[in-house]
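Please look over the two-chain structure shown here. Some questions on its geometry come after it.

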Amino acid sequence: MTAPIPTTLPRADDLILYGERFASRLLLGTSRYPSPQILENAVAASNPGMITVSLRRQGSSTTEAHSGFWELLKRMAVPVLPNTAGCHSPQEVITTAQMAREVFETDWIKLELIGDDYTLQPDTLRLVQTAEALIQDGFKVLPYCTEDLIVCQRLVDVGCQAVMPWAAPIGTGQGALNPYALKLLRERLSVPLLVDAGLGLPSHACAVMEWGFDGALLNTAVALAEDPVAMANAFALAVNAGRTAFLSGAMPAQTSAQASTPLVGTPFWHQT
Amino acid sequence: MRVIINQVVHEIPSSSKLADALAAIDAKPPYAVAINLQFIPKAQYAARELQENDQIEVIAPVTGG
């Protein structure tokens, strides 16, 4: 039996996913940093709610280069969110998720089912069935998806208690390419929404938080910054700023100017 | 017996268990294993029998986005 899906946005600042509280609404990826030390410093500077990790063949050049990563993970002591990056079939996803659950000792999984190697766009046609299988196997699924309303709704229908639509293709740093669709998702879905992929600037993250999104997951925007540690801190501040702005109830945009300074008593003014 | 471990062909004794194959590649924890796209819990390593041409994946933690 799945846990109840939240029906209202929480007023408290804690991010609540699958009944668990996270003090930060920033989720941070761990790839592409210049060094493990810079990664560790960036995590310390941004205090993310979770960090994403992955699994690759032991003995490959990738795992050889990551030989100290396990110890670094334990030292950082931040909740981990394993991903199924690189998976192109539902079975690959399910098997990878089960392996991740054993290695990382967590039921959390960032579901990535890739449909196109150039855009790394999710395979939306098989994403929902894959999410359902993982949910039934006891995983807490955070699905990486597109901004398609129907796909997102179907993910919720099969038990996903949050969805993570992309802003733009992974690693492109373009920011939200389809604000209309993302805002529509916020309007129509009551589950937590986290933008995942394609953010490049803290202002991008701030914007989606201002629209009412519950969090932001990003990696490349920090890792490839000239100063990843400072950029990680900037993103943390931006996510907080956007969230605070959303909760503060921003003024509605208007097309005509309205003077801020009172008109009565304007010097030199005379009736014409 | 021919098995493929992480896309590399290995010849191992015909009565080998999964644990034997892992020892053959000097697998070091932490890692997880799948055979022919099926996850194998570590509690089964010692008992799991291998078949000719089994595709074994041994994967370890790395950074991810």
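Q: What ipTM does the model score?
A: This is a predicted model, in which local features need pLDDT of at least 70, side-chain atom pairs count only at pLDDT 80 or more, and totals for chains, interfaces and linings use all residues. Residues are numbered from 1 along each chain as its sequence is written, while chains are lettered from A and ligands numbered from 1 in the order in which they are written. The model has a pTM of 0.91 and an ipTM of 0.97.

Q: Is the crossing of α5(A) and α6(A) left-handed or right-handed?
A: Helix α5 (residues 124-136) and helix α6 (residues 149-157), both of chain A, have axes that come within 9 Å and cross at roughly 10°; axes are lines fitted to C-alpha atoms, for helices over the stretch in contact, with angles from 0 to 180 degrees between N-to-C directions. Helices (H or I, at least four residues) and strands (E, at least two) are DSSP runs, numbered from the N terminus. The angle makes α5(A) roughly parallel to α6(A), a term for angles under 35 degrees. A crossing is right-handed if the near helix is turned clockwise from the far one by less than a right angle, and left-handed if anticlockwise; that of α5(A) and α6(A) is right-handed.

Q: Which residues of α4(A) make the contact with α5(A)?
A: The axes of α4(A) and α5(A) come within 10 Å and cross at roughly 30°, which makes α4(A) roughly parallel to α5(A). Residues are in contact if their C-beta atoms, placed from the backbone, lie within 7 Å. On α5(A) the contact uses A:Arg126, A:Gln129, A:Thr130, A:Ala133 and A:Leu134, and on α4(A) it uses A:Pro90, A:Val93, A:Ile94 and A:Ala97.

Q: Which are the edge strands of the open sheet in chain A?
A: The sheet has 3 strands in the order β6-β7-β8, with parallel pairing; two strands pair if DSSP finds at least two bridges between them. Between β6(A) and β7(A) (residues 140-145) there are 4 bridges, and A:Ile109 stands opposite A:Val141 in β7(A). Helix α5(A) lies across β6 and β7 of chain A, at about 170° to β7(A). Each edge strand pairs on one side only, and these strands are β6 (108-111) and β8 (164-165).

Q: Which element gives the largest share of the side of chain A that touches chain B?
A: In the interface, 30 residues of chain A are in contact with 21 residues of chain B. The side of chain A has 10 nonpolar, 16 polar and 4 charged residues, where Ala, Val, Leu, Ile, Met, Phe, Trp, Tyr, Cys and Pro count as nonpolar, Asp, Glu, Lys and Arg as charged, and the others, Gly among them, as polar. The largest share, 8 residues, comes from α4(A).

Q: What is the bridge partner of A:Leu55 in β5(B)?
A: β4(A) is joined by 5 bridges to strand β5 (residues 55-63) of chain B, and the two run antiparallel. The partner of A:Leu55 there is B:Pro61.

Q: Where does B:Pro30 lie?
A: Most peptide bonds are trans. The bond from B:Pro29 to B:Pro30 is cis, with omega near 10°. B:Pro30 lies in the loop between α1 (18-24) and β3 (32-35) of chain B.

Technical notes: Angles under 35 degrees count as roughly parallel, over 145 as roughly antiparallel, 65 to 115 as roughly perpendicular and the rest as oblique. Two residues are in contact if their C-beta atoms, placed from the backbone, lie within 7 Å.
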